[in-house]
Amino acid sequence: AESDLAARALDWRYALNAKLRRERASDSTTVSNWLVGGNFDRFIGDRRFVYLRGSLERDRFRDVASRVAAGVGYGLQLVQTERAKLSLRAGFDAIDVRRIAGADETWPALGWGANLAYRLDALSAELFHDQQGFLNLRDASQMNVRSRSGLRVPFVSGLVASLQLNLDWDSEPASGRRSTDTTWLIGLGYAW
């Protein structure tokens, strides 16, 4: 399950999101993770903004009891039309990872984000890509990236069909864990 809520006024914007994934096979849990996050953007001109953001996640099978990210930074709204949207952001984040079995970690990070949406003429479909990343400032070999990419197609009374790829990548995963976690989602949602 995924949910997004966004609001925009003349000089501010905020977004909240959440995702939950649980899978079972042969009476045992094979996937169990969740993520909640949000950001607040304060525009300081037509295209420039400063932001606050934060997220909290848990992923039992990647040995993450909790991962908290909180940051501030600067962003640019490069494109904002009815057809296309593109914003980029960069700043500093604090990352705190509590492991289930491994050693806990806390580190400062260079954080970035990109958000792109483009409406196609065909069926009023929308292509989208949303990415957040964190580069450890103490150890440049450690990086985390989360992204969501896909296609949304509105079809009747606010209902939206979607095809989406979620990708989570960790350059230094916990011992015995994979660095990449991908999920394909076919969904039905509601937009207003």
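**Notebook: patch, pocket, salt bridges**

I began with the nonpolar surface. Leu5, Leu16, Phe155, Val156, Leu159, Leu188, Tyr190 and Trp192 make a nonpolar patch of about 920 Å². I then checked which elements give two or more residues to this patch: they are β9 (143-156) and β11 (180-190). The model I am reading is a predicted one.

Val156 has 44% relative accessibility, so I log it as partly exposed.

Next I went to Ile186, which sits in strand β11. Buried or exposed, I asked of Ile186? Its relative accessible area is 77%, so it is exposed. I listed the contacts of Ile186 beyond four places in sequence and got Ser162 and Leu163. From Ile186 to Leu163 the C-alpha distance is 4.7 Å, across 23 residues of sequence.

**Pocket**

I turned to the largest pocket and noted a volume of about 1,700 Å³. Its lining counts 48 residues. Which of them lie nearest the centre? I noted Asp4, Leu5, Ala6, Glu126 and Arg152. Strand β1 (residues 2-8) contributes the most to this lining, with seven residues. Leu5 also belongs to the nonpolar patch.

**A buried residue**

I picked Phe49, in strand β4 (residues 48-59). Its relative accessible area is 0%, so Phe49 is buried.

**Salt bridges**

I counted 18 salt bridges in the structure. I went through several.

Arg21 pairs with Glu23, with the closest N and O atoms 2.9 Å apart. Arg21 is buried because its relative accessible area is 18%, under the 20% cut-off. Glu23, at 33%, is partly exposed.

Asp121 and Arg83 form a salt bridge at 3.1 Å, N to O. This pair links distant parts of the chain, 38 residues apart. Asp121 is in the loop between β7 (105-119) and β8 (126-136), and Arg83 is in the loop between β5 (64-80) and β6 (84-99). I have Asp121 as exposed at 64% and Arg83 as partly exposed at 34%.

Glu126 came up again, this time bridging to Arg119 with closest N and O atoms 3.8 Å apart. Glu126 is buried at 13%, whereas Arg119 is partly exposed at 32%.

Last, I traced a network of salt bridges that links Glu2, Asp4, Asp130 and Arg148. Asp4 is also among the residues nearest the centre of the largest pocket.

Terms used. Residues are numbered from 1 along each chain as its sequence is written. This is a predicted model: local features need pLDDT of at least 70, side-chain atom pairs count only at pLDDT 80 or more; totals for chains, interfaces and linings use all residues. Side-chain values use heavy atoms; hydrogens and water are left out. Patches are made of residues with over 30% relative accessible area and no salt bridge: like charges are joined within 9 Å, nonpolar side chains (Val, Leu, Ile, Met, Phe, Trp, Tyr) within 5 Å. Accessible areas come from the Shrake-Rupley method with a 1.4 Å probe; for residues, only the protein chains shown count as cover. A salt bridge is a side-chain nitrogen of Lys or Arg within 4 Å of a carboxyl oxygen of Asp or Glu. Helices (H or I, at least four residues) and strands (E, at least two) are DSSP runs, numbered from the N terminus. Buried means under 20% relative accessible area, exposed over 50%, partly exposed in between (1.4 Å probe, protein chains only). Contact means heavy atoms within 4.5 Å. On a 1 Å grid over the protein atoms alone, a cavity is a set of points where a 1.4 Å probe fits but cannot get out, and a pocket is an open set with protein on both sides within 12 Å along at least five of seven lines; lining residues have an atom within 4 Å of a point. Grid points are joined across faces, edges and corners, and a volume is the space filled by probe spheres set on the points.
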